[in-house]
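Please examine the sequence and the three-dimensional structure shown below.

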Amino acid sequence: MPKELRGDMNAQGLRVGIAVARFNEVITKQLLDGALEALARCGVRDNDITVAWVPGSFELPVVARAFAKSGRCDAVICLGAVIRGETTHYDMVAGQAQGGAGAVSLDTGVPTIFGVLTTENIEQALNRAGGKSGNIGTNAALAAVETASVLAAVNTA
Ligand code: INI
């Protein structure tokens, strides 16, 4: 039988850094609330969570990188909302956030989760920030817990 590893959703003792964008704060505050609730449900203590607000999604990766390199975070979560209707440089902001978060993850080995909404309009964003389509912040937190757990299992297997 092959050895099979899965993440465990019990995250007691997990240390998490969250970078969250102030741009579209009405939305990103909802993402943050969803993430914090999910982390609490998984057993993460408040004392083990640090939240850093950044101006916009473009700035998420640099702060995520600092969290990841600090040696004090087992997982990092990036939260933001990039809405096409409001910007002509949507693709640049969204691309930097996504590529930057991915680079931080691979360069540091600390799972860095992409919880950034990219939508056409504010209605779609609200739907995915605690509205009828769930909460991307919640999903991001659960992905952080599961990935940190399976990574620890891979590293000790
Ligand atoms: N930042 C966002 O997080 N979402 C957006 O929709 C957005 N728009 O529309 O421009 C946005 N812009 C700011 C950007 O992230 C940087 O903070 C800014 O360019 C300074 O570097």
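**Fold, interior and selected residues**

The chain contains five helices and six strands, where helices (H or I, at least four residues) and strands (E, at least two) are DSSP runs numbered from the N terminus. In sequence order these elements follow the pattern β-α-β-α-β-α-β-α-β-β-α. The radius of gyration is 15 Å, close to the 15 Å that the globule rule gives for 157 residues, so the chain is as compact as a globular protein of that length. This radius is taken over C-alpha atoms, and the globule rule is 2.2 Å times the number of residues to the power 0.38. Along its principal axes, the C-alpha trace spans about 50 × 35 × 30 Å.

The model is a predicted one, in which local features need pLDDT of at least 70 and side-chain atom pairs count only at pLDDT 80 or more, while totals for chains, interfaces and linings use all residues. Residues are numbered from 1 along each chain as its sequence is written, and side-chain values use heavy atoms, with hydrogens and water left out.

Of the 157 residues, 44% count as buried; buried means under 20% relative accessible area, exposed over 50%, and partly exposed in between (1.4 Å probe, protein chains only). The accessible surface comes to about 8,300 Å², of which carbon and sulfur atoms hold 51%; such areas come from the Shrake-Rupley method with a 1.4 Å probe, and for residues only the protein chains shown count as cover. Among contacts in the chain with a separation of 6 or more, 79% join residues 24 or more positions apart, a contact being heavy atoms within 4.5 Å.

In soluble globular proteins, nonpolar side chains tend to be buried together. A nonpolar core is here a set of buried Ala, Val, Leu, Ile, Met, Phe, Trp, Tyr and Cys residues joined through side-chain atoms within 4.5 Å. The largest such core has 28 residues, of which I18, L39, I77 and L79 touch the most other members. Two or more residues each are given to this core by strand 1 (16-21), helix 1 (25-41), strand 3 (75-83), strand 4 (112-119) and helix 5 (136-156). Helix 1 gives the most, with six residues. Beyond its neighbours within four places in sequence, L79 is in contact with residues including I18, L31, L60, V116 and A140. Apart from this core lies another, of 19 residues, among them A19, C78, V82 and A94.

Several loop positions complete the picture. Between strand 1 and helix 1 lies R22, which is partly exposed with a relative accessible area of 47%. Residues up to four places away in sequence aside, R22 touches W53, V54 and P55. The loop between strand 1 and helix 1 also holds N24, which counts as buried at 15% relative accessibility. Most residues other than glycine have a negative phi. N24, although not a glycine, has a positive phi of about 60 degrees.

S57 sits in the loop between strand 2 (49-54) and helix 2 (60-69). At 4% relative accessibility, S57 is buried, and its contacts beyond four places in sequence include A21, G80, V93 and V116. D74, in the loop between helix 2 and strand 3, is partly exposed at 26%. Not counting residues up to four places away, D74 touches G13, L14, R15, V110, P111 and A148.
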